[in-house]
Amino acid sequence: MKSKIYSSEYIKNSSKGQRWIPAFAMIAFLLAFPVAELILMGKWNERSYTQSQLAYLYSSLWSSDFLTMGAIVAAVTAFLAAVSGFWYLYSPRKVDFYHSLPVRRSALFLHRVLLAAIYYLIPYIIMEFVAVCIGAARGYYSLSIMKKALILLVIHLLMYLLVYFSTVLVIACTGTMLMGALAWAGLFIYSIVLAVMLQISGHLFFDTWYEGSYGILAAVRDLGSPLMVIVSFIDKYSSGNYGKQLMILILVLLVMAVLSWMAFCRRRSENTGKALVYTWMEPVLSALITIPSGLGIGLIFYMIPEDSSKTAWWIFGMILGTILVHGILEVIYEMDFHRFFRRKVQLMIFGGFVAICALTMKMDLLGYDSYFPAYDNLQGVVVNVCNLSYTEQLCNVEKKENGIYKIRYTATSDNSSGLLDQPVMKSKALYNSLKDIKLQNEKEKRSGRRMYVRYINKQGFSVCRSYSVSSAQAQNLMEALYDEQTWKEDRYSFFQLDKQYLKEVTGIFCDGDIHSLFEKNAEKRQALVEALGKDILENGGQTVKDQPCAMLMFDYTGIPSEGYMDEGGMNVPAVQEGENVSTSVLVYPSYKRTLAILEETGYPLSMDELPVEYIDVYYFSSEAAGEDDEAFSDIESTSDLEETENGYKVRYDKKEQLEALKKCIRPSQLVNGWTIWNADATMEVVLEGQESTGEDSGLYMTFAGEIPDFIRADAKAAHVTEWEVND
Amino acid sequence: MIEIRNCSKAFGKVQAVNQVSMDIGEHEVFGLIGSNGAGKSTLLRIMAGIICQDSGEVLLDEQPVFENEKIKEQFFYIPDDAYIPANYTASDMTEYYRCFYPGFRQEQFEKLIKQFHLDKKRKISTFSKGMKKQLLVILGICAGTKYLYCDETFDGLDPVMRQAVKSLFASEIMNREFTPVIASHNLRELEDICDHIGLLHKGGILLSRDLEDMKFHIHKIQCVLTDKSKEEMLIKELDVLKTEHQGSLLLLTVRGTRTEIMERVQAKNPLFCEILPLTLEEIFISETEVAGYEVKNLF
């Protein structure tokens, strides 16, 4: 039999006093949809977009902008509707009134949900319809837009219900406003705070900690709170690949709906006024808050001091945090300050857990840093070496059958995305190189350049680590990588771009200048591209043992590439005209084909070709320099050290000095990233017939190779303290 | 009929209702009395299905009350400190209750609201405490339910209104199946109206009996006996609740019928003997004193 509370008469009566909610939703959706749409369209009109671009922008509006704005309004409305509908649970008088009525709790719950859905849907549908009408009036009406609007309505409804049920769950489980507010904040931000804390802990305690979110950490962050479930969905939606996130959203929504329904129906009316209606939740909640808080407060104390006392402060912080947070929770539960030390045994147990977690991190009991997969159990590895070879600027290009390119900028130094779409490799040399890096990381802590690795086990799960890398190790790793054809094909995939899009080739040679190459000879430019492509693929790891002799930069314009456009309500790839791509590639001495073409330009391909008159080396002295300076040379200086503002200057103009220097200096762009010297010195190279400027406009070079003894001696005499390979 | 069987309810360590058993019949006014914290309101809330008993059962027409929509349509609950939704008028309340109580009598409501000089278009939040009580009683009666649970409903009503409400109850009992259950401290009011009394103390039921029956079985005797030994013998023979001396005058509160008591007293040849009926207040004090609840023990 249909319950009386679903009658229109009752809905009308019971909504009295709550009509401000749909009024709020109406105004908010008016701003989020029609008003925002009109403002954006006005902006588009100010610019000279083509019709197809406008169609694309309008389509994006429905798949991106409206999604975010609608989600914010839906979330706020859901919160208000849930609070308005279930707030009475915090008042014993109201509880007596509603629960004495002849209606089952489940029916009361469903009625309130129905009312909340009406409060939301009517304003939403009206305002979305107005937004569609505005679009149609401007010529953007299509069935696909209607479908998109319908999908948006469903998605926003799911988000609305998720926030609604989550809020109802909190209200149904708590008995006071204070506890309700705390629990609500906890439910919505707990996972974010926990993920941040785990990240900080990882940074502080694990040398090989990988900052990117993946696996359990990502799951904790993205699934641990309704807020993050919605944010993750919004992130994925515009890419069109949101099926998994939608399933998660629906699943979490169902869980929240069932839990809130159970919590409401089983809630004992007499428990109103207690902090938690279900007292069994008290120890659970205490554990969930006290243990991370103890660890978190410990971390704060651990980070403050710089000296060896930090461990003592860390322990103090953990003890303080555990006792304080546990005590505060007990005070909140009992609403009595005298209950601060209630449940001492529980406090001891939580303290024990905090100690175990702290020890696990400090002693690495789970073997985070020592992890290294067995070769036989390894499906492959993905390596991000952007921090090691930053001089090259590249992007991944994939040519589609229809002549359209898919361009990805994933191989960046951003470690979180840099390991996603890279090729998976497996070779003994690479494995050994990584093993050597890992062993070295175990032996000594080192700061400086880091590389990121994703190990993919045969079972299919990934483990990511970050390692600090010395110059020698980086070189070994790069050698191993340059032996990997798939890695090179992926790294230099821009060679697939058609020659018609290649507009300019420029190069940096040993004279440090940028030169445009074969400006009027497109054939030659393309020949250079093809030669370089072949050289890279044919030459193995030995290539990178040498220093580069040039850097070539290729500018492509007007490439038809994949964008995302609406098609039948779904985000599907669409052609974007005019994508520009700029790349830069180092040319090594073993690239014979390339060098043969470059020789035609006449630009210097080695330092020996450079007519150097003299070189001024500026040594920057440390104020603290003295007899305790780290000795890096046994030879006494014989040069004339001219005192400058920051240290000393020495001019080298003898033939043997210049020849020796030419072997270890070059323009900074022509140096392998992993062999840069970190020296408190710089040098200006003055070519024959030129004068030293002593300013930035001069030709400045950097050390990159075996440093001659006389330079070492002069550096020592000049009290230069930092003089080593940048590790 | 309402049957309460071994009903217990504890709030943490506090046993609010302890093994209470009693029946509330039809066509009678049931008074629920008891000391402060005796569990009257808790028992009423259990009967109203707001809270569920920890053990025992509460049946209305042989069906459990808690979460029983059909059974809950048989009663209307007026709490001591009732909540009324914000901005509601009396008319709004009738519309609201009409959705829940199919037997709601709108015509009677219109009539009574006029008789009680209440404005049905005025917001209830502007009503005085007494006016709110009047309105709730009117709503409770017009809901057309078989039972009306009133928690301290006479508090805040002026004497005229108290009489009016009593008359209303009497009229309803005469005209239809109607059983008010009234929890109150105001024993004078209950004495006038109640047919049956349930006396609660410290969560337990001390007695549940018809008021007339109760008065028939408890009396106050004033007598003067010639001999101290006769006095002691009389006290031993009777079921004495309370003994007092005023000079040579012996004052006894005794359980038993008037005839039984008189027979015993006359057998002792008293110089003077008089038997007096007890007021409900005196019965309450006597019974609770026996259970250890008296003012002298409080200080």
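Glu152(B) is buried (under 20% relative accessible area, against over 50% for exposed and in between for partly exposed, with a 1.4 Å probe and protein chains only) and yet has no salt bridge, the nearest side chain of opposite charge being Lys40(B), 4.8 Å away. A salt bridge here is a side-chain nitrogen of Lys or Arg within 4 Å of a carboxyl oxygen of Asp or Glu, and for charge in general Lys and Arg count as positive and Asp and Glu as negative, with His and the chain ends not counted. The model is predicted, and local features need pLDDT of at least 70, side-chain atom pairs count only at pLDDT 80 or more, while totals for chains, interfaces and linings use all residues; side-chain values use heavy atoms, with hydrogens and water left out. Residues are numbered from 1 along each chain as its sequence is written, and chains are lettered from A, and ligands numbered from 1, in the order in which they are written.

- Glu152(B) lies in the loop between strand S7 (147-151) and helix H6 (159-175) of chain B, where helices (H or I, at least four residues) and strands (E, at least two) are DSSP runs numbered from the N terminus.
- Leaving aside neighbours within four places in sequence, Glu152(B) is in contact (heavy atoms within 4.5 Å) with Lys40(B), Asp80(B), Lys133(B), Ala183(B), Ser184(B) and His185(B).
- Lys40(B) is itself among the buried residues of H1(B), together with Thr42(B), Leu43(B), Leu44(B), Arg45(B), Ile46(B) and Met47(B).
- Helix H1 (residues 40-47) of chain B is largely enclosed by the rest of the structure, because seven of its eight residues are buried.

**Backbone angles in chain B**

- Just after H1(B), Gly49(B) takes a positive phi of about 75°.
- Most residues other than glycine have a negative phi.
- Asp61(B), although not a glycine, has a positive phi of about 50°; Asp61(B) lies in the loop between strand S4 (55-60) and strand S5 (63-64) of chain B and is partly exposed, with a relative accessible area of 26%.
- Glu62(B), in the loop between S4 and S5 of chain B, also has a positive phi, near 70°, and is exposed, with a relative accessible area of 65%.

**Salt bridges**

- Over all chains the count comes to 36 salt bridges.
- Asp535(A) and Arg593(A) meet through their side chains in a salt bridge (3.2 Å, N to O); Asp535(A) lies in helix H17 (residues 522-538) and Arg593(A) in helix H18 (residues 592-599) of chain A, so the pair ties together parts that are 58 residues apart in sequence.
- Within that pair, Asp535(A) is buried at a relative accessible area of 2%, whereas Arg593(A) is partly exposed at 35%.
- A salt bridge also joins the side chains of Asp616(A) and Lys649(A) (3.9 Å, N to O), and because these lie in strand S10 (residues 612-620) and strand S12 (residues 647-652) of chain A, the pair ties together parts that are 33 residues apart in sequence.
- Both Asp616(A) and Lys649(A) are buried.
- Salt bridges that share partners join Glu282(A), Glu330(A), Glu334(A), Asp336(A), Arg339(A), Arg342(A) and Arg343(A) into one network.
- In the bridge between Glu334(A) and Arg339(A), the closest N and O atoms are 3.8 Å apart; Glu334(A) is partly exposed at 30% relative accessibility, and Arg339(A) is partly exposed at 34%.

**Surface patches on chain A**

- Patches are made of residues with over 30% relative accessible area and no salt bridge, like charges being joined within 9 Å and nonpolar side chains (Val, Leu, Ile, Met, Phe, Trp, Tyr) within 5 Å.
- Lys426(A), Lys428(A), Lys435(A) and Lys458(A) gather in a patch of positive charge on the surface, the place of a charge being taken as NZ of Lys, CZ of Arg, CG of Asp or CD of Glu.
- Lys435(A) lies in helix H14 (residues 428-443) of chain A and is partly exposed, with a relative accessible area of 36%.
- Trp313(A), Phe316(A), Leu320(A), Leu324(A) and Ile328(A) make a nonpolar surface patch of about 440 Å², the areas coming from the Shrake-Rupley method with a 1.4 Å probe and, for residues, only the protein chains shown as cover.
- Trp313(A) lies in helix H12 (residues 310-334) of chain A and counts as partly exposed at 41% relative accessibility.
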